[in-house]
Amino acid sequence: MHPVTGSTRSTAIAVVIAALAAVSGAARAQSPAQTTKFDLVIHGGQVVDGTGAPPRRADVGITKGRVEAIGKIPQGAGADSIDATGLIVAPGFIDVHTHADEIADHPAAGNFVRMGVTTIVAGNCGSSALDIGKALEAVAQAGAAVNFSTLIGHNTVRRAVMGTADRTPTISELNRMKGLVWKGLTDGAVGFSTGLQYVPGTYSKTFELMELVRVVGNAGGVYASHMRNEGTALEESISETIRLGELTDSRVQISHLKVDSPSRWGASAKALALIDEARARGVTVEADQYAYTAASSTLGIRFPAWALEGGQPQITARLNDAATWAKIKTEMAALLAERGLKDLSFAVVASYRADPSLNGLSMKQVAAKLQGADAADAQFEAARTMMLAGGASMVYHFMSDDDVQRIMKHPHVGFASDASVLTFGEGAPHPRGYGNNARVLGEYVRVRKVIPLEEAVRKMTSLPADQFRFTSRGRLAPGKAADIVVFDAATVGDAATFEKPHAYARGIPHVLVNGVFVVRDGSQTSAKPGVALASNPLAGR
Ligand SMILES: [Zn+2]
């Protein structure tokens, strides 16, 4: 983290950055515990420090927002204290793949903090604020329960320069896009993201991306990609992503790694082998995943990309032209067939603004309701009706748990929710937004024993911290920011389900951000101690 020295920065963000610089300073010498007066002491817990080391019994002393001492600390040495006997004390979880771009409007971020998340990265899948400096400043001014950082998104930049055009940029358009990526990075973005299954990123060729990712590599940022394809062309997509990082010297983050087509189930072995081969060549490539066999995305993603060019008027014109709609429908069916799917019954409506009564229904159920029939053709007709009304966000059930588990066991895959800041009770969102980390610790660690507890914690803390260069976070050690989660390994778990997604995680009684409780005794406090993590990788180069 380095101070951002742009002339547009306000005092508010400068203050935050100064505070960050202080936090990221070298660990101070440990004072003898008996003479130290801490702001807070967490007594008697099992410390899992984020490095992958096994739990060890220790007290944790916190002063001025950071960890001051870990070891034996006498009772009474803290102005405040909690008893963590029988509980795990770990670094706060870092969620590097979120869509929490609206956090300034929803600063409590309850779905995140209640599952132990203390730092988030927004701006993923190619979609971010265009003015990164302004976005960071909004968070700095509004405050937030979690620390916030963001990537600059390709779709956002491309849309600003060339709308949703399905073509190669001109040289001047390319230069404008490069300028916007450069500005985003100098204003504090931690890297650049693509969303190559979405309009307009889906219209870009590798050579366009190469020019933009080169800017990221030069700036020392992360290149995070929602790849072109996560099923039928999974290996080609991973190869493209790795090549972009390798040729531009960027650190690569493969977003929400999965195999999203029944026809390709098992391909995770090949995907992970490609990552291993690249790492052996010296490429820094890592991935993140959410611990579910369903994804969440737009309804539009099921349509051929050419059908979505332009704005809603052009989309509407195509859908209302009988011959064009027939062609679109044929291609939709073919795209599904390639994936081993015969209709849209694997798709469930998450949020449909035009008619919220459809939220939570499968497309089979939606077809029955809207068309009076539920066969494949009626489902496509229902999808057309919904696209004419502006589209919807969906939950897609199309992965295998064998792939989820194989990906989870890989040492360079971390955990991230892919979630937004959720409003309790609104819509039928994917439950990962409330449960991802808790589900890993409950279902995959305790119940199924897929990975050990300390390895799961490492994948939620030091692994993402190192990749995104959050140098003062991700480990529980003296001198580090006191982002801490205290949970019960015997009861931690996800309560949110696809049927009832609005339920907070269980077994996580305390969460601290910069030394301040955001969750205490299982209830969220009103505190907003999170800071805007502005990163300027160019500084000092
Ligand atoms: Zn994505």
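**Zinc site, helix packing and cores in a predicted model**

The protein averages a pLDDT of 93, and 92% of the residues score at least 70; pLDDT is the predictor's confidence in each residue, from 0 to 100. Over residues 1-33 the pLDDT is below 50. Beyond near neighbours in sequence, this stretch has 59 contacts in the model (contact: heavy atoms within 4.5 Å). The model is predicted, so local features need pLDDT of at least 70 and side-chain atom pairs count only at pLDDT 80 or more, while totals for chains, interfaces and linings use all residues. Residues are numbered from 1 along each chain as its sequence is written, and side-chain values use heavy atoms, with hydrogens and water left out.

The zinc ion has three protein donors: Cys125 (SG), His226 (ND1) and His256 (NE2). Donors are N, O and S atoms within 2.8 Å of the metal (3.2 Å for Na, K and Ca); water is not among the atoms, so sites may look incomplete. The spacing in sequence is C-x100-H-x29-H. Cys125 lies in the loop between β7 (117-122) and α3 (132-142), and His256 in the loop between β12 (251-254) and α8 (268-280), so the pair ties together parts that are 131 residues apart in sequence. Helices (H or I, at least four residues) and strands (E, at least two) are DSSP runs, numbered from the N terminus. Cys125 is buried, at 6% relative accessible area, and His256 is buried too, at 2%. Buried means under 20% relative accessible area, exposed over 50%, and partly exposed in between (1.4 Å probe, protein chains only).

Asn111 sits in helix α2 (residues 110-113). Asn111 is buried, with a relative accessible area of 1%. Its side chain reaches the backbone nitrogen of Leu422 at 3.1 Å. Leaving aside neighbours within four places in sequence, Asn111 also has contacts that include Gly433, Tyr434 and Tyr504.

In helix α9 (residues 312-320), the buried residues are Ile315, Arg318 and Leu319. They cover an arc of only 95 degrees around the axis, which puts them on the same side of α9; the arc is that of the directions from the helix axis to the C-beta atoms. These buried residues pack against α10 (322-338) and α12 (376-388).

The largest nonpolar core has 69 residues. Such a core is a set of buried Ala, Val, Leu, Ile, Met, Phe, Trp, Tyr and Cys residues joined through side-chain atoms within 4.5 Å. Helix α6 (residues 206-219) gives the largest share, 7 residues. A second, separate core of 39 residues includes Tyr203, Ile301, Ala307 and Met394.

Note on methods
A polar contact is a pair of N or O atoms within 3.5 Å; within protein, one must be able to donate a hydrogen and the other to accept it, and residues adjacent in sequence count only if both atoms are side-chain atoms.
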